[in-house]
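Open the model in your viewer and follow the stops below. Each one tells you what to select and what is there.

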Amino acid sequence: MPRFTSEEQLKAPLLEWLQRRRRFNEGTYTLEEMPWFNRKIDLVTISPTRLVTAYELKLNSFRRAVEQAAYNRMAFDRAYVVTASRPSDKNLSLAIEAKVGVILVTEVEVVELVVSPLVRSQKEVRRSLLSAIRGYKEDVSRPVFALP
Amino acid sequence: MFQGPFSHYLSYGAADQETVNELREEYEGILVPGTVAAFQKEGTGGFVLALSASTAQIPYVIDPRSPLFQQPLPKPKKSHESLKHILGLPPNYLPNVESFNADLVSAIAHNWVKFNVDYQDQAGGKFSKYAKRLGEDGLDLKAASPPHIILPPYFVANSTDDDWWHVSGRIFSATCAAASEIAADKTCVQVVATEQALQLDALCESLQEQEELVLWVSDLNDIRSQISDLVAYGSAIRNAKARGQSVFGLYGGFFSVLLASSGLSGMSHGIGYGESRNWVELPQSGPPPKRYYLPSIHRYVGQELAEQIWQVGIDRCTCKICSSKSPLLLDYHEIMKHSVYCRAKEVDEWGNLPLEASRERLKNEYFSFTGSLESSKMAKVYKQQAENAASHIPMWLSALDGLIS
């Protein structure tokens, strides 16, 4: 039984894992609850090379998370669902087909079940995304931290 | 309203100026919420009056939005207070039928008629500013018109025995009397507002001496409502037509366009939203979310889903806005303009169709859409959402069956 009782609790193990796996470089920024197309993305990371990744955190409702992550896919370089429950093979296939990555966070480990392929969005969409990120970074009230 | 085969009105909000201005050929009139008219008097007034004075001579009507005051307002907005002041509701006003004694009814009626009739004078302060924005030289405030008709304040009622129905009736009569003294050429049209579609017919029938009515079934939403409610709405409209009554929908979406052949003489809707409204939620307001109107299924969907559908070559809109951009790339105003173009096209292409022809065409569109989805290379996760987005159409077909039989 997963120890987690809220999606917020997935963040710390996820961020530690991303750091250990060197998914963060010096100067990588993270944003939380970033508004994008009438919704809020749980976690966004932006590398110094402007590689942008979206993470949707869900304890359950994996399918719903894949739907949201699939939409993130259209603008972000990579898009992930981060879940505390191992998805079924059928749901994993859904994620793979949508080019959405899946990261499983348990009490003992963090495992990347599916890698999100790097896909560049249309120029105008990307411009719009980077502009939204800039605007949110300037405006954000929650902590934004640059990792050493 | 009641001007032609089908009067297509847009409900105006402050964020809509660009769309309302540029798309003057795509609608017939403007419905101004009473809260907006009261609070943004000179801003909204200047704009609406400039449109009225322009070559397009766009008529406008002010919706008193009085059901706002049929409930407690624990945190009234400034616009609510402004409207309350214009209506003449006392500071210690309580939202119950007992408050509406003869004096208050008379005061409300008089105040509302004055507000409508004097709108040019009271709201014309910024006329010049907005006249310039329209890009027409030499617009004159004197050429602007007062509201096309007066909609007397009204309340939501669920039967002819409902006390609020009687209050609405008294206010209507008092408003007509005030109008005949102050502005004899002004027509007053009663608003029939109810929570229950099944009661609409009886309410309209009780007013059969009135040739024109404006209708509002609270929360009657094309996508979410029960088939029986849509059928009841259509039946009420058809029966009204049979009685010689011309009826206009205060809110409506595509299904209302189909009801033109049943006798609906027109409807109003917000831009990008506002095809239905729950009266209890009137105190809430704000700009609509950015959603894309998908022409082939006649409803709003998220921009991202619209983009996925567009990417596989389904439903590529050819309006002036979309001919150069995919849904995801449209900014706020472009999305709003696209929605107005779509609705105008629907009114043009569907408004004259008999119900049987509408049903046939809608059925064919639905199978074409779902068939194209099925055979497309769209990822399953998007495909299922697109299929869900079209799931209201079989419901509409059933509702049309209910009206045809």
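**Cysteine pairs, then the interface**

Select B:Cys176 and B:Cys188. The closest cysteine sulfur to that of B:Cys176 sits in B:Cys188, 4.2 Å away, which is too far for a bond. Keep in mind that this is a predicted model. The cut-off for a disulfide is 2.5 Å between the sulfur atoms. Now colour B:Cys176 by accessibility: it counts as partly exposed because its relative accessibility is 28%.

Move to B:Cys317. Its closest cysteine sulfur belongs to B:Cys319, at 3.6 Å, so again too far for a bond. Is B:Cys317 buried or exposed? B:Cys317 is buried, at 12% relative accessible area. Over all chains, the disulfide count is zero.

Next, show chain A and chain B together. Select the contact residues: 17 come from chain A and 19 from chain B. The two chains bury about 1,500 Å² between them. Carbon and sulfur atoms carry 57% of that area.

Zoom in on A:Arg39 and B:Glu304. They form a salt bridge, with the closest N and O atoms 2.5 Å apart. The count between chain B and chain A is one salt bridge.

Which elements of chain B give two or more residues to the side that touches chain A? Select helix H12 (303-311) and helix H15 (380-389) of chain B. H12(B) gives the most, with six residues.

Last, colour that side of chain B by class. It has eight nonpolar, six polar and five charged residues.

Definitions and conventions: Residues are numbered from 1 along each chain as its sequence is written. Chains are lettered from A and ligands numbered from 1 in the order in which they are written. This is a predicted model: local features need pLDDT of at least 70, side-chain atom pairs count only at pLDDT 80 or more; totals for chains, interfaces and linings use all residues. Side-chain values use heavy atoms; hydrogens and water are left out. Contact means heavy atoms within 4.5 Å. Buried area is the accessible area (1.4 Å probe) that two parts lose on being put together, summed over both. A salt bridge is a side-chain nitrogen of Lys or Arg within 4 Å of a carboxyl oxygen of Asp or Glu. Helices (H or I, at least four residues) and strands (E, at least two) are DSSP runs, numbered from the N terminus. Ala, Val, Leu, Ile, Met, Phe, Trp, Tyr, Cys and Pro count as nonpolar, Asp, Glu, Lys and Arg as charged, and the others, Gly among them, as polar. Buried means under 20% relative accessible area, exposed over 50%, partly exposed in between (1.4 Å probe, protein chains only).
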